[in-house]
There are 2 protein chains.
Amino acid sequence: MANYAGHMSKRLTGREQEVWHAWKRAAEMVRMRVGADITAATGLSDGDFGVLTRLVDLGEGTLRQNELAESMGWHRSRLSHHLTRMEARGMVKRHSVDAGVQVRITAAGERAAAASRPAHAAAVRRHLLDLIPSEDRASLVQLLETIASGPDS
Amino acid sequence: MANYAGHMSKRLTGREQEVWHAWKRAAEMVRMRVGADITAATGLSDGDFGVLTRLVDLGEGTLRQNELAESMGWHRSRLSHHLTRMEARGMVKRHSVDAGVQVRITAAGERAAAASRPAHAAAVRRHLLDLIPSEDRASLVQLLETIASGPDS
């Protein structure tokens, strides 16, 4: 564990803030730029793309609405409003099942997801992968995995 | 610029996906865990905390609603619904001004923001800063700043 000066202080120190702000800004910028490129290329919003690709990749086309909400990190009501709009555009269908709602991708949704993959790959390369020097890649992945595992691992 | 094998392929390669998923998972986990700790300590949601601290830090208590939406990376309508709920809880007030809406923090909102700072500092340390070995900190900040600057810088 690193030992930061000012660890007990009630506000982040200047040096701590530097790390935190760089982290937040990079995360937010990559997320926004990748989303904007996909939208420009395909008309899908960030949320549309997230829903469609999760249905395909995690659920082979079908997920419970609450599983989908959890995997997106979205509040149930936010996802529900979003799915209502996607359903109106013919991309997904919802069905009541015992004690829940199942979300299924339509043929049109599958086509939109498939068509968006190349734009997604290009955007991830442009806005993240190409900016990481190859010699730093392995150590960055290791650090990111440590961070993702969290303090209790 | 790094040179990735399969750079022209239409899907991310396995090694590219490894970096991308590690990045997304770390970003998402830190965001969720910091938010959860603040909520547990103060009752403020991630969004409440974001609104209150931006009003204080960026606007000395007052911001245009569209500036606030932009700085949070939120859609206007999402922020508007959120502010309606915060206004009902007495944390902010909105005023129409020429061609827009101004959002002002209340005294109760200021107290909530101030009370949440120690929980925020502790959460950022626990879920991010303490997981970065001190000797890696400077190079990580540099890499994050390169990524945040983007491909066109």
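This is a predicted model: local features need pLDDT of at least 70, side-chain atom pairs count only at pLDDT 80 or more; totals for chains, interfaces and linings use all residues.

Q: What makes Arg31(A) and Glu28(A) a salt bridge?
A: Their side chains come to 3.0 Å, N to O. Residues are numbered from 1 along each chain as its sequence is written, chains are lettered from A and ligands numbered from 1 in the order in which they are written, and side-chain values use heavy atoms, with hydrogens and water left out.

Q: Why are Arg31(A) and Glu28(A) about one helical turn apart?
A: Because they are 3 residues apart in helix 1 (residues 14-42) of chain A. Helices here are DSSP runs of H or I with at least four residues, strands are runs of E with at least two, and both are numbered from the N terminus.

Q: Why is Arg31(A) called partly exposed?
A: Its relative accessible area is 38%. Buried means under 20%, exposed over 50%, and partly exposed in between (1.4 Å probe, protein chains only), so Arg31(A) falls in the middle class. Glu28(A), with 24%, is partly exposed as well.

Q: How do you know that the salt bridge of Arg126(A) and Asp152(B) joins two chains?
A: The side chains meet at 3.0 Å, N to O. Arg126(A) lies in helix 5 (residues 107-127) of chain A, while Asp152(B) sits in the segment after helix 6 (134-149) of chain B, so the pair joins two chains. Arg126(A) is partly exposed at 36%, and Asp152(B) is exposed at 64%.

Q: What makes Arg126(B) and Asp152(A) a salt bridge?
A: The closest N and O atoms are 3.1 Å apart, which is within the 4 Å limit. This pair also crosses between chains, from helix 5 (residues 107-127) of chain B to the segment after helix 6 (134-149) of chain A. Arg126(B) has 37% relative accessible area and is partly exposed, whereas Asp152(A), at 63%, is exposed.

Q: Which residues are joined into one network by salt bridges that share partners?
A: Glu28(A), Arg31(A) and Asp46(A). A search of the whole structure finds 16 salt bridges over all chains.

Q: Why do strand 1 (62-64) and strand 2 (92-97) of chain B count as edges of their sheet?
A: The open sheet has 3 strands in the order 1-3-2, with antiparallel pairing. Strand 1 and strand 2 each have a single partner strand, so one side of each is left without a neighbour in the sheet.

Q: How do you know that strand 2 and strand 3 (residues 100-105) of chain B pair?
A: They share 6 bridges in the antiparallel sense. Two strands pair if DSSP finds at least two bridges between them, so these strands qualify. In strand 3, the bridge partner of Val97(B) is Gly100(B).

Q: What makes Arg78(A) a charge over the ring of Trp74(A)?
A: Arg78(A) lies over the ring face at 3.9 Å from the ring centre. The rule asks for NZ of Lys or CZ of Arg within 6 Å of the ring centre and within 35 degrees of the ring normal. In chain B, Arg78(B) lies over the face of Trp74(B), at 3.9 Å from the ring centre.
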